[in-house]
Amino acid sequence: MLDIRESEILQTTISKIFPFIIIFSFFLFSYGPISPGGGFQAGVIFGTLIIIFELCYERKILSDFFYSTVEYSGVLIILISMLIGLKLTGFLFGGLYRMQTDSLIFANFFLWLLNFAIFIEVSSSIILIFRNFIEWREDE
């Protein structure tokens, strides 16, 4: 049976394409406000990349507590956005549409914030779900 740690092909491939996949993930995230699913797709790609990296090198990059904190932060951003919108306009998320600018990149700050919250929540969730399916061997 092939041990992932002994596969130089997998380790070399992951180390070479790692930066490009991160760039692609942030590219999808940046198009989130003008295309559907940007934050979700980018989060899935980024989370999967972290999982593959951890599998190839058989070590955790960051702790479960860190990913849980990031996941709850994303949910908190979404809840705060909903409450601010409800207080300002009476509609969920509605009040944050007032944060528009003339700049094309930051045309609607709210959609960037919402995509960011979805991105960090989804990527952290993917990592935590996968980590719950595998059993990590502790170093002695």
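This is a predicted model: local features need pLDDT of at least 70, side-chain atom pairs count only at pLDDT 80 or more; totals for chains, interfaces and linings use all residues.
1. Now the overall fold. The chain has four helices and zero strands. Along the sequence the pattern reads α-α-α-α. Of the 140 residues in the chain, 31% are buried. Take the contacts between residues at least 6 apart in sequence: 64% of these join residues at least 24 apart.

2. Next, helix α3, which covers residues 64–89. Its 26 residues should span 38 Å at 1.5 Å a residue, and the end C-alpha atoms are 38 Å apart, so the two values agree. Just after α3 comes glycine 90, with a positive phi of about 90 degrees.

3. Which residues of α3 are buried? They are Tyr67, Val70, Glu71, Gly74, Ser81 and Gly85. The cover over these buried residues includes α2 (38–57) and α4.

4. Serine 123 deserves a look. This residue sits in helix α4 (residues 109–133). Is serine 123 buried or exposed? Its relative accessible area is 6%, under the 20% cut-off, so serine 123 counts as buried.

5. Last, the surroundings of serine 123. A polar atom of its side chain lies 2.9 Å from the backbone oxygen of phenylalanine 119. For the backbone oxygen of isoleucine 120, the distance to a polar atom of the serine 123 side chain is 3.4 Å. Setting aside neighbours within four places in sequence, serine 123 is in contact with Gly43, Phe46 and Gly47.

Notes. Residues are numbered from 1 along each chain as its sequence is written. Side-chain values use heavy atoms; hydrogens and water are left out. Helices (H or I, at least four residues) and strands (E, at least two) are DSSP runs, numbered from the N terminus. Buried means under 20% relative accessible area, exposed over 50%, partly exposed in between (1.4 Å probe, protein chains only). A polar contact is a pair of N or O atoms within 3.5 Å; within protein, one must be able to donate a hydrogen and the other to accept it, and residues adjacent in sequence count only if both atoms are side-chain atoms. Contact means heavy atoms within 4.5 Å. The expected span of a helix is 1.5 Å times one less than its number of residues.
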